[in-house]
Amino acid sequence: MSIGFGERDKPSNKLRLLTIGGIFVVSILIFVLYLFSLQVIRANEFQRRAQQVARRSSIISAQRGEIYDRNFDLPLAINIPSFAVNVIPAELSREDRNLIFPRLAEVLDLTVEQIEGRILPSYDHLYQPVEVASGVDLRTISYLAEHIDDFPGITWNNKSIRSYTVPGSLSHIIGYVGDITREELQVLYNQGYSQSSTLGKSGIEKVYDKLLRGTDGIRYSTVDVRGRRVFQPGVDVQAPVSGNNLVLTIDRRIQKLVEEALGPRVGSVVVLKPSTGEILAMVSYPWFNPNMFGTERDPSEYRKTSLDPRFPFLNRAIQASYAPASAFKTVMTTAILEEKVFPPEQKIDCPGYLRIGNRVFNCHKKTGHGPLDLRGGLAESCNVYFWTVGLRYLGVDRIINFAQQFGFGQTTNVDLPGETAGRVPSPQWKEETFNVKWVGGDTANISIGQGDLLVTPVQMANMMAMVVNEGIIYRPHLLKEIRDPVSGSVVEEREPEILQQSTINPEVFKKVQEYLRGVIVDGTAKVVLTTQAVEVAGKTGTGEAGFEDQWSSWFVAYAPFNGPSEDQVVVAINVEAVNDWEWWAPKAANIIFQGIFADEDFKQAVKSLRWQWMFPDLFRNKP
């Protein structure tokens, strides 16, 4: 019996059908598993990618803390509403940038180079906004919003600019803020700073930037394919935290009084509370306008200020050093009394000069002072007296030791940036620096505060504070309190901190205080310190500048003499030799002490002292 061809082929067809069916089932399973992987296993990954494309995050700038003087009634540094303009690099190709950036530069009054300079090559893939301009006004933002289709990839956000309500002499104290640089960002990135951060560049703004800046917030939003924001309920927002408010030790009334008393003279003044180290006023002239840093639009004022040969950005109270001149005789007097190397009542005859080796050193009074003891030598600021004792009895090592005990040659750690330490020269220093031996003339120079000895006005204020406190110097400081920005309550109050504590007998300082009072009553400052508002004790100083008829003028004093420690105030004034000579330091101090203790402003103080200003010939002496 024969079998047909069709019947023999049936098992093979069934196998084919089963194979095709199996492949189809497996394909479906694979497809289902792939869909499961896409929609379940890798859902978070794709959601994250989608958010990168459609979701934008923008920084909500934290309000920078305000700065007040010690009265906590009028802010000295505030925030003014403004805007920042940003570019989202990943949304713009090179061709897009070549088309859009020139338009944007024209609107923002910038150059294309300035815009491109803010966008690093490493930012090209970022969908995060990169700030290219700050301090932008509402009118400009309105224009961008109206023409948004012409500016794809461009966004903006609120970003306040800093404003200083009482610029003037406070500029060196408060400082100013500016946009973070690339170099600063590299250092501060891990501390919460970003490419769009604003930070303090000088003064209190710089030293206490972390307290003032607060914490920025973040706002997340969704955009369509053209970069326009799409309404989305429940937008995720991380709220910003405002920075702390700072209360300074500065007394605004005294600061203004000191500013006007110094006037347009290159120099500086420090008013210090010796019992705590609080700085009540600090003036350095010339000063600058910190508000010129609030916008990038007009660099002319900055250019003019930076090219001023008087260096307005220099805070002369802490960043410039000078020979202390005869004011250093306060230290010499302390050393003589403490070391007991020469009886204070024994007199030295001053013929008006002293021969040292083959040189003749002239006293400031060329006809001589005659016989003087220590009290008279300090009162009359006799160079011959202090040359003689310094050379023959104290010696350079003792003088250096006492200078260092008073804080010279080292920074005071005042809470301002850029402080210089000055210099206390020594035989070793001179040999290492100039390869020259120390000689008697060097000891003579340092004995009267001349030569290579250099100090800052704030160090001179500390010198007098040590005398007033009978051996203790408190660290000079400007921060008084940290306050909550919302409630205004005190978060932290700064306590006095001992900077220097001397081993000198307190009785010695009491004697020095009496001698310093003698300078005012019977000595060189008698004709100038005429205020009746308070009893003053202090020391004058006239520093040589190397030019005929040019001297720097020093006056370092405190008041009230023998008054309660909490009421005492130290005033240190330096008027540089570039000014016309008018012996202004003690004159300015007369106005300052009158104003502080009679509760008068500058005009009222001058009026109270008016009769003295009618006799300028009385002020020709140069102690």
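A: Helix α14 (residues 329–339) and helix α16 (residues 383–394) have axes that come within 11 Å and cross at roughly 45 degrees, where helices are DSSP runs of H or I with at least four residues, strands are runs of E with at least two, and both are numbered from the N terminus. The axes are lines fitted to C-alpha atoms, for helices over the stretch in contact, and the angles run from 0 to 180 degrees between N-to-C directions. That angle makes α14 oblique to α16, because angles under 35 degrees count as roughly parallel, over 145 as roughly antiparallel, 65 to 115 as roughly perpendicular, and the rest as oblique. The crossing of α14 and α16 is left-handed, a term used if the near helix is turned anticlockwise from the far one by less than a right angle, whereas clockwise is right-handed.

On the side of α14, the contact is made by Lys 329, Met 332, Thr 333, Ala 335, Ile 336 and Glu 339, and α16 contributes Asn 383, Tyr 385, Phe 386, Val 389, Gly 390 and Leu 394; contact means heavy atoms within 4.5 Å. These residues divide into 7 nonpolar, 3 polar and 2 charged, with Ala, Val, Leu, Ile, Met, Phe, Trp, Tyr, Cys and Pro counted as nonpolar, Asp, Glu, Lys and Arg as charged, and the others, Gly among them, as polar.

The model is predicted, so local features need pLDDT of at least 70 and side-chain atom pairs count only at pLDDT 80 or more, while totals for chains, interfaces and linings use all residues. Residues are numbered from 1 along each chain as its sequence is written, and side-chain values use heavy atoms, with hydrogens and water left out.

Both helices also meet helix α17 (residues 396–405), whose buried residues pack against α14 and α16, and likewise against α18 (427–434), α19 (440–447), α20 (457–468) and strand β23 (498–501). The buried residues of α17 are Val 396, Ile 399, Ile 400, Phe 402, Ala 403 and Gln 405, where buried means under 20% relative accessible area, exposed over 50% and partly exposed in between, with a 1.4 Å probe and protein chains only. An α-helix has 3.6 residues a turn, so residues three or four places apart point the same way. Just after α17, Gly 407 takes a positive phi of about 95 degrees.
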